Amino acid sequence: MRKINSDTIANLDDEELDELIIDKGSEKHCGTFGEYFENNEKDEVLCEIYSVGVMEGDICNGGFDQFFLNFEDLIFPALNGLQKINAPKHHNLLKRAYEIYINQKDEFIDKRNINLDELDDEFYELDDLAPYRQKFIRENIDFFLD
């Protein structure tokens with residue numbers, strides 16, 4: 001796993017830094033190099049920021065259904081991450097979608113939940129989350145350094 005320190009981030013722009021943080025989160029989530037998220041504040045924040053990135057990508061690709069079915073374990077970290085990066089509209093929308101998902105989960109095991117379609121459309125109208133993540137990362141860089 002690539003270590004993140006002041007040298008590795010010195011010349012990165014916000015987009016490159018964001019990608020580096022998301023990649024590190026992915027490696028820990030998947031255990032790519034035998035390291036997983038640990039029970040400490042740094043890894044909790046990393047998981048939350050990573051989860052926001054995954055959530056946004058999955059929803060943009062296939063809606064809330066896709067995110068919930070692929071990454072149910074990241075729902076609560078994503079909710080926490082959205083609060084951390086100060087994205088209340090996204091947070092409230094994810095909460096509303098999760099309530100529908102959890103209450104109708106058994107009914108839509110093998111098919112798309114059409115009750116989430118309207119919320120998908122609402123999500124697509126919201127701001128891109130990358131600038132929110134990037135601002136949070138820059139302002140809280142110590143959470144992400146090894």
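How many aromatic pairs does the count come to? The count comes to nine aromatic pairs, where rings of Phe, Tyr and Trp (its six-membered ring) pair if their centres lie within 6.5 Å. The model is predicted, so local features need pLDDT of at least 70 and side-chain atom pairs count only at pLDDT 80 or more, while totals for chains, interfaces and linings use all residues. Residues are numbered from 1 along each chain as its sequence is written, and side-chain values use heavy atoms, with hydrogens and water left out.

**View 1. Aromatic pair of phenylalanine 76 and tyrosine 98.** The two rings are edge-to-face, 5.3 Å centre to centre with 70° between the planes; planes over 60 degrees apart count as edge-to-face, under 30 as stacked and the rest as tilted. Because phenylalanine 76 lies in helix α4 (residues 75–84) and tyrosine 98 in helix α5 (residues 88–104), the pair ties together parts that are 22 residues apart in sequence. Helices are DSSP runs (H or I, at least four residues), numbered from the N terminus.

**View 2. Aromatic pair of phenylalanine 136 and phenylalanine 144.** This pair is also edge-to-face. The centres are 6.4 Å apart, and the angle between the planes is 85°. Both residues are buried: the relative accessible area is 10% for phenylalanine 136 and 1% for phenylalanine 144.

**View 3. Aromatic cluster.** Phe64, Phe67, Phe68, Phe76, Tyr98, Tyr101 and Phe123 are linked into a cluster by ring pairs.

**View 4. Crossing of helices α3 and α6.** The axes of α3 (residues 41–70) and α6 (residues 117–125) come within 10 Å and cross at roughly 130°. Axes are lines fitted to C-alpha atoms over the stretch in contact, and angles run from 0 to 180 degrees between N-to-C directions. Residues of α3, namely Met55, Glu56, Ile59, Cys60, Gly63 and Phe64, meet Leu119, Asp120, Phe123 and Tyr124 of α6, contact meaning heavy atoms within 4.5 Å.

**View 5. Glutamate 38 in the loop between α2 and α3.** Glutamate 38 is found in the loop that joins α2 (14–30) to α3. With a relative accessible area of 54%, glutamate 38 is exposed. Lysine 28 and glutamate 38 are ten residues apart in sequence and 9.0 Å apart in space, C-alpha to C-alpha.

How values were computed:
Helices (H or I, at least four residues) and strands (E, at least two) are DSSP runs, numbered from the N terminus. Buried means under 20% relative accessible area, exposed over 50%, partly exposed in between (1.4 Å probe, protein chains only).
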